[in-house]
Amino acid sequence: MFRSLRRALCVAAAALLLPLAGGAQTAHAAAAPGAGYWHTSGRQILDAAGQPVRIAGINWFGFETGNYVVHGLWSRDYKSMIDQMKSLGYNTIRLPYSDDIFKSGTVPNSIDFSSGKNADLQGLGSLQIMDKIVSYAGQDGLKVILDRHRPDAGGQSALWYTSAVPESTWITDLKALAARYAGQDTVIGIDLHNEPHDPACWGCGDTATDWRLAAQRAGNAVLSVNPDLLIFVEGVQTYAGVSGWWGGNLMGAGQYPVQLNVANRVVYSAHDYATSVAQQSWFSDPSFPDNMPGVWDKYWGYLFKQNIAPVWVGEFGTTLASTVDQKWLAALVSYLRPTSTYGADSFQWTFWSWNPNSGDTGGILKDDWVTVDTVKDGYLASVKAPLFPSTGAGGGGGGGGGSTAACSAAYTVSSDWGSGFNAAVKVTNTGTSAISSWKVTWTWSGSQQVTNMWNASYTQSGSTVTAVNAAHNGAIAVGGSADFGFGGAPGGGGVPSVTCTAA
């Protein structure tokens with residue numbers, strides 16, 4: 001709701017390695033879940049092998065704005081940011097875009113190429129840069145959902161079309177993206193249109209305003225050129241006289257489901273926000289926040305609870321400035337179902353946003369585009385999930401030995417700007433049994449100091465650093481992995497020799 005205001009302010013891993021029911025120590029099947037293209041079965045999303053997966057991701061916006069490319073490239077290399085997303089435990093990136101990126105005259109701007117940053121993006125158009133992001137995300141074990149966010153960079157639209165961008169253009173461009181990434185299973189699906197709202201309706205039968213019918217037309221067009229994709233369909237604002245967040249009202253989907261020519265492809269998507277975006281009646285209810293599960297059940301949660309279809313909360317976020325918002329986020333995360341308890345039999349999600357320049361929510365990154373808001377990120381720890389199989393070669397290995405419990409660690413410097421640097425470390429279970437905890441140690445040859453660390457805790461004595469797993473990522477199945485990252489200063493950290501100890 002009120003998303004045009006928010007966007008104006010914005011302009012200038014999965015599948016659990018556990019089985020669904022019990023058996024928490026029944027390690028890792030033959031392959032890590034997430035490989036290949038995905039499909040739905042009831043309320044779950046399954047990979048090509050039929051293993052359940054959980055989307056636990058982040059929104060990285062910018063392609064839909066007048067920059068025509070993800071934001072933050074004016075500050076950092078795109079690979080370093082994707083590496084940082086991975087190290088924080090996000091397994092999916094939602095990439096908003098507008099139809100402007102298909103125009104021949106569109107030129108991406110505000111990209112820093114100094115000191116070797118973003119070197120392989122020079123001279124590329126928006127779609128070519130999107131190709132690079134998709135490719136690198138896949139190499140890192142992340143999936144991508146493409147989000148048709150706006151008809152043009154000027155702002156959000158209530159309907160999926162405008163006088164300047166008719167439905168035919170919308171569908172043509174959706175088909176072009178579907179064809180572009182055919183065979184690249186890093187792109188698992190397309191979010192057809194962001195936040196339909198009044199006068200958009202659901203099930204009213206008017207082809208000019210019935211979003212459900214439009215989603216069927218567009219979804220079938222996408223599947224006609226790439227039948228492997230998931231089709232993500234958001235809600236509307238008002239149904240049967242009951243209003244909610246823009247795109248957040250799926251009350252009509254039970255009676256009037258989206259029906260596509262390819263079965264098991266529909267994922268319903270809701271958006272939900274706190275008071276930093278707008279007030280809603282439920283925030284002032286005397287029973288808040290205990291009333292919130294009932295609110296979510298009514299608008300979209302029933303689809304999951306009745307085993308009708310998977311539900312993906314494609315956007316949710318807040319500045320966390322107020323106590324109400326803090327209670328809201330804690331309640332929502334609990335409602336989404338902790339991964340440790342429910343595995344991939346859970347709601348799917350992508351948090352809004354990675355970017356710090358979202359005017360009414362802020363982001364996981366702080367304004368320097370480097371430092372992690374560890375409080376905000378910490379709220380999401382219980383619903384994060386492991387990464388997916390990589391589409392490319394990973395980094396090198398490091399020490400570690402032992403008999404049944406063993407691990408290795410791969411240390412990568414993701415960015416270095418002279419006065420500081422970021423690094424990511426991947427811990428892999430190389431033993432013959434599951435491990436419950438790990439410890440990684442290294443010694444720098446210089447005077448580097450850790451300035452902040454995510455997904456692990458650390459101690460530093462002189463130039464020697466010891467990092468220990470966080471509560472949510474200590475258990476690693478045989479052949480599985482976990483990631484953590486950190487910032488350090490000064491720069492020039494290099495790659496030290498790393499040892500890993502497992503228990």
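The axes of helices H6 and H7 approach each other within 12 Å and cross at roughly 25°, where axes are lines fitted to C-alpha atoms, for helices over the stretch in contact, and angles run from 0 to 180 degrees between N-to-C directions. H6 and H7 are therefore roughly parallel to each other; angles under 35 degrees count as roughly parallel, over 145 as roughly antiparallel, 65 to 115 as roughly perpendicular and the rest as oblique. On the H6 side the contact is made by Met292, Pro293, Trp296, Asp297, Trp300, Gly301 and Lys305, and on the H7 side by Trp328, Ala331, Leu332 and Tyr335, contact meaning heavy atoms within 4.5 Å. H6 passes H7 in a right-handed crossing; a crossing is right-handed if the near helix is turned clockwise from the far one by less than a right angle, and left-handed if anticlockwise.

The structure is a predicted model, in which local features need pLDDT of at least 70 and side-chain atom pairs count only at pLDDT 80 or more, while totals for chains, interfaces and linings use all residues. Residues are numbered from 1 along each chain as its sequence is written, and side-chain values use heavy atoms, with hydrogens and water left out. Helices (H or I, at least four residues) and strands (E, at least two) are DSSP runs, numbered from the N terminus.

The expected span of a helix is 1.5 Å times one less than its number of residues. A kink of about 75° is centred on tyrosine 299 in H6, the bend at a residue being the angle between axes fitted to the seven residues ending there and the seven starting there. Among the buried residues of H6 are Met292, Trp296, Tyr299 and Phe304, where buried means under 20% relative accessible area, exposed over 50%, and partly exposed in between (1.4 Å probe, protein chains only). The cover over the buried residues of H6 includes strands S10 (242–243), S11 (266–273) and S12 (311–317), along with helix H7 (323–335). Just after H6, asparagine 307 takes a positive phi of about 60°.

Helix H3 (residues 126–139) also has 14 residues, but its first and last C-alpha atoms are 20 Å apart, close to the 20 Å expected at 1.5 Å a residue. Its buried residues include Leu127, Ile129, Met130, Ile133 and Val134. The buried residues of H3 pack against helices H2 (78–88) and H4 (167–180), and against strands S5 (92–98), S6 (143–150) and S7 (187–191).

H4 takes part in another helix pair. H4 and helix H5 (residues 211–225) pack at an angle of about 35°, with axes 8 Å apart, and their crossing is right-handed. Among the residues that meet are Trp170, Ile171 and Leu174 in H4 and Ala214, Ala218 and Val222 in H5.

Most residues other than glycine have a negative phi, and most peptide bonds are trans. A cis peptide bond joins phenylalanine 288 and proline 289, with omega about 5°; proline 289 is found in the loop between S11 and H6. Another cis bond runs from tryptophan 352 to serine 353, with omega near 5°, and serine 353 lies in the loop between strand S13 (348–351) and H9. Tryptophan 369 is in the loop between S13 and H9 and has a positive phi near 65°; it is buried, with a relative accessible area of 5%. Serine 115, in the loop between S5 and H3, has a positive phi of about 55° although it is not a glycine, and is exposed at a relative accessible area of 76%.

Two further residues complete the picture. Leucine 387 sits in the loop between helix H9 (374–379) and strand S14 (407–416) and counts as buried at 16% relative accessibility. Leucine 387 and lysine 86 are 301 residues apart in sequence, yet 7.7 Å apart in space, C-alpha to C-alpha. Threonine 459, in strand S18 (residues 456–461), counts as exposed at 52% relative accessibility. Not counting residues up to four places away in sequence, threonine 459 touches Thr464, Val465 and Thr466.
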